[in-house]
Amino acid sequence: MFGCLVAGRLVQTAAQQVAEDKFVFDLPDYESINHVVVFMLGTIPFPEGMGGSVYFSYPDSNGMPVWQLLGFVTNGKPSAIFKISGLKSGEGSQHPFGAMNIVRTPSVAQIGISVELLDSMAQQTPVGNAAVSSVDSFTQFTQKMLDNFYNFASSFAVSQAQMTPSPSEMFIPANVVLK
């Protein structure tokens, strides 16, 4: 039903089901992880009105799990990227995994997915620094695309002395493109 991806590692698609509506992925060597992607496999959609709250858990200094809400996935938003590198020192939050007897080792963190009502998910507040970027993705894409366009166009730059007159071609000064 779910998948989990960490850069430089194999995709995990075999979540450990710890309850009827709760799933867990183990993240060994979690100290080296900056971002994690959680996604639906597309084989089984959520029932109508349901979604999945995504939690991150790491062991505190006593080895006890500290759970933090990252965000959610739904049929309408089947994947999400979360920044977890800054969460390892934060406070835990209320979570549905408290009574679970989940086997864990000291250097392994976990991603938990709890299937819940969309209405209750909307009232939950994810931990603030789990978001990947404060700039919306379209703005970020546009900025990078224009930077790449300028770099590409500049690679063809010639001085005015190197130009050969050609009445059928138009030339755009590089400073106009830059503006």
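These are my notes from a look through this predicted model.

**Strand S8**

I started with S8, residues 108-117, and asked how many of its residues are buried. Nine of the 10 are, so the strand is largely enclosed by the rest of the structure. I took buried as under 20% relative accessible area.

Next I looked up which strands S8 pairs with. One of them is S3, residues 22-28, joined to S8 by seven bridges in the antiparallel sense. For a handle on that pairing I noted Leu27, whose bridge partner in S8 is Ala109. S5, residues 50-59, also runs antiparallel to S8, with eight bridges between the two. Here I wrote down Phe56, which stands opposite Ile111 of S8.

**Helix H2 and the surface**

I checked where Phe141 sits, and its place is in helix H2, residues 137-154.

**The largest pocket**

Last, I looked at the largest pocket, which comes out at a volume of about 450 Å³. I counted 15 lining residues, and those closest to the centre are Ala153, Phe156, Ala157, Ile172 and Ala174. Which elements give two or more residues to the lining? I got H2 and helix H3, the latter spanning 174-178. H2 gives the most, with four residues.

How values were computed
Residues numbered from 1 in each chain as written. Predicted model: local features only at pLDDT ≥ 70, side-chain atom pairs only at ≥ 80, totals over all residues. Heavy atoms only, no water. Buried < 20%, exposed > 50% of the residue type's maximum accessible area, 1.4 Å probe, protein only. Pairing = 2+ DSSP bridges. 1 Å grid on protein atoms, 1.4 Å probe; cavity = no way out; pocket = protein on both sides within 12 Å on 5 of 7 lines; lining within 4 Å. Points joined across faces, edges and corners; volume = space filled by probe spheres on them.
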